[in-house]
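Biologist: I would like to learn how to read sheets, helix packing and ring pairs in a model. Please give the general idea first and then the case at hand.

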Amino acid sequence: MKINKSFFQLKVILVGILLLQFHIGFSQEEKNSKLYKTIMSRDSLLFNVGFNTCNVSQFENLLSNNFEFYHDRDSIQDRTLFLKNIRKGLCSATKTYQARRDLVEGSTEIYPLAKGGVLYGALQIGIHQFFEPTPDKKDKFGSTARFTHLWILENGVWKLRRSLSYDHQNVNTVGTKSSIFDNDQEIEKWLKQNNVPTLGIGVINNGKLQQIKVFGELKKGVTAPFNTIWNVASLTKPVTAIVALKLASSGKLDLDEPLYKYWTDPDIASDPNTKLLTARIILSHQTGFPNWRFMNESGKLDFKFKPGTKYQYSGEGFEYLRKVLEKKFNKTLPQLADKLIIKPLKMTDTKFVWNDITDVSRYAIGYDNKGNAYEPAKNKTANAADDLLTTIEDYSTFLCSVMNSDGLSKKVFDDMTSHQVETKKNKYFGLGFEIYDLGNDNYALSHGGADKGVQTIVLLLPKTKQGLVIFTNVDDGYKVYEKIVNHYLGENGKKIIEIETK
């Protein structure tokens, strides 16, 4: 039978809206209530007995004749097709189960559905984990997923009418102490306890932006919107880096060509080290420059060591590269970025210059750790290393493009993710991004941003196609990183934290 895909997609959306309306309209059942215990007993029969032991009769007893199953990685199934798939798939060999489902403790919410005061159904929401048996009889973690079940009383008997299974992830990110991330009110409370005015989170899964969460207030009484505009400080650098790497991928820029051919800073014009500078050396922070020239007593740019011999983080290096690119291509950095990144990805809220912001009322003002507001850095010219203005959605979209190597040749992507220089044990700089060596050929790309009233960080896991964006607008916003990273990135997140804190 040919399925009208668009019809079923619309049906899924309508079901989701309907369930959301139920969710909003009724209060959650207490765990000691009769309804809560009844639904949990049905859940146990469905999974602990039916699913985990392949007792198909439990599915036959519990599923409504009008049952429908919606899965974010599989087809839409009615009762007949669902039972057929169970028998021929999961339960084709009943002597040894092929998967075990565990309900995450504390994740279940149950809402009564009634008409005229008469109960007719219940909505069950929760998170569950799936485990697979191994030859040594030690179950291996398989995936995590959220689920929504619509239970209906049919002739006085509880039947499962609709089942939605979604947000499947192949990493163990639930069941930890960070369960507050499943409760927006708890997050808001946590932020107030930590004096964090505004928090933005972007979650990337399967190489795509999956979720945007923004919490807190822009100012007293003004809730921060999902499209809050942030100053992300040094997260400007990866954007500049990808401009250069895309130009290299198209053959317009040689990463190892001496840059003095196009531009030389007057402060170092007579220093022979100038001829050693290349885009590769700048993107891996091996220029020998200080972070900023104003940190020198003279206020002038100089070399602290021979370029290419060791690591030293430098914003001056990226500004040097900006001036080279602008001279070579006769275009400003914003113009190059617009053509290569911002316009193709429709990053409409990403700007290098303050006056280009389309809606200043959405800007997250920065604060010190005592709650005092800073005057925004209203930069009038583009800086390659600092003060990019963007949103969670825009920057996450950019990172997805990077992780999927859009517009990057294989050689350039390999160079970007290779260890150009070691910065500490198991941590390196590639081209434009830091690299955490997580073992077993796995790695994470990262970059942070820090300024007055700005603390931001991004993490990418190209092997598992995951990513995480965290923006805060307070001096010590970094103190919330660990809990967020552990929650969303699981074991890989813990490894990153271990490398960073050793």
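Modeller: Start with the terms for packing. Helices (H or I, at least four residues) and strands (E, at least two) are DSSP runs, numbered from the N terminus. Contact means heavy atoms within 4.5 Å. Axes are lines fitted to C-alpha atoms, for helices over the stretch in contact, and angles run from 0 to 180 degrees between N-to-C directions. Here helix α5 (residues 184-193) lies across β8 (198-205) and β9 (208-219), and its angle to β9 is about 50°.

Biologist: What kind of model is this, and how are residues and side chains treated?

Modeller: This is a predicted model, in which local features need pLDDT of at least 70 and side-chain atom pairs count only at pLDDT 80 or more, while totals for chains, interfaces and linings use all residues. Residues are numbered from 1 along each chain as its sequence is written, and side-chain values use heavy atoms, with hydrogens and water left out.

Biologist: In what order do the nine strands of the open sheet run?

Modeller: Two strands pair if DSSP finds at least two bridges between them. The order is β10-β9-β8-β18-β17-β16-β15-β14-β13, with antiparallel pairing. β10 (222-223) and β13 (421-424) each have a single partner strand and stand at the edges, so one side of each lacks a neighbour in the sheet.

Biologist: Which strands does helix α12 lie across?

Modeller: Helix α12 (residues 481-501) lies across β8, β9, β13, β14, β15, β16 (442-451), β17 (454-461) and β18 (466-472), and runs at about 100° to β18.

Biologist: How many bridges join β14 to β15?

Modeller: Three bridges join β14 (residues 427-429) to β15 (residues 434-439), and the two run antiparallel. K427 has Y436 as its bridge partner, and Y428 has I435. The two strands form a hairpin with four residues between them, where G432 in the turn has a positive phi of about 90°. On to the next strand: β15 and β16 are antiparallel and joined by five bridges, with A444 in β16 as the partner of Y436. Their hairpin has two residues between the strands, and N440 takes a positive phi near 55°.

Biologist: How many aromatic pairs does a search of the whole structure find?

Modeller: A pair of aromatic rings is described by the distance of the centres and the angle of the planes. Rings of Phe, Tyr and Trp (its six-membered ring) pair if their centres lie within 6.5 Å; planes under 30 degrees apart count as stacked, over 60 as edge-to-face and the rest as tilted. The search finds 14 aromatic pairs. One of them is F131 with F141, edge-to-face at 5.8 Å centre to centre and 80° between the planes. F131 is in strand β5 (residues 118-132) and F141 in strand β6 (residues 140-154), ten residues apart.

Biologist: Is F429, which pairs with Y311, buried or exposed?

Modeller: Buried means under 20% relative accessible area, exposed over 50%, partly exposed in between (1.4 Å probe, protein chains only). Y311 and F429 are stacked, 5.8 Å centre to centre with 25° between the planes. Y311 lies in the loop between α7 (279-283) and α8 (315-329) and F429 in strand β14, so the pair ties together parts 118 residues apart in sequence. F429 counts as buried at 1% relative accessibility, whereas Y311, at 27%, counts as partly exposed.
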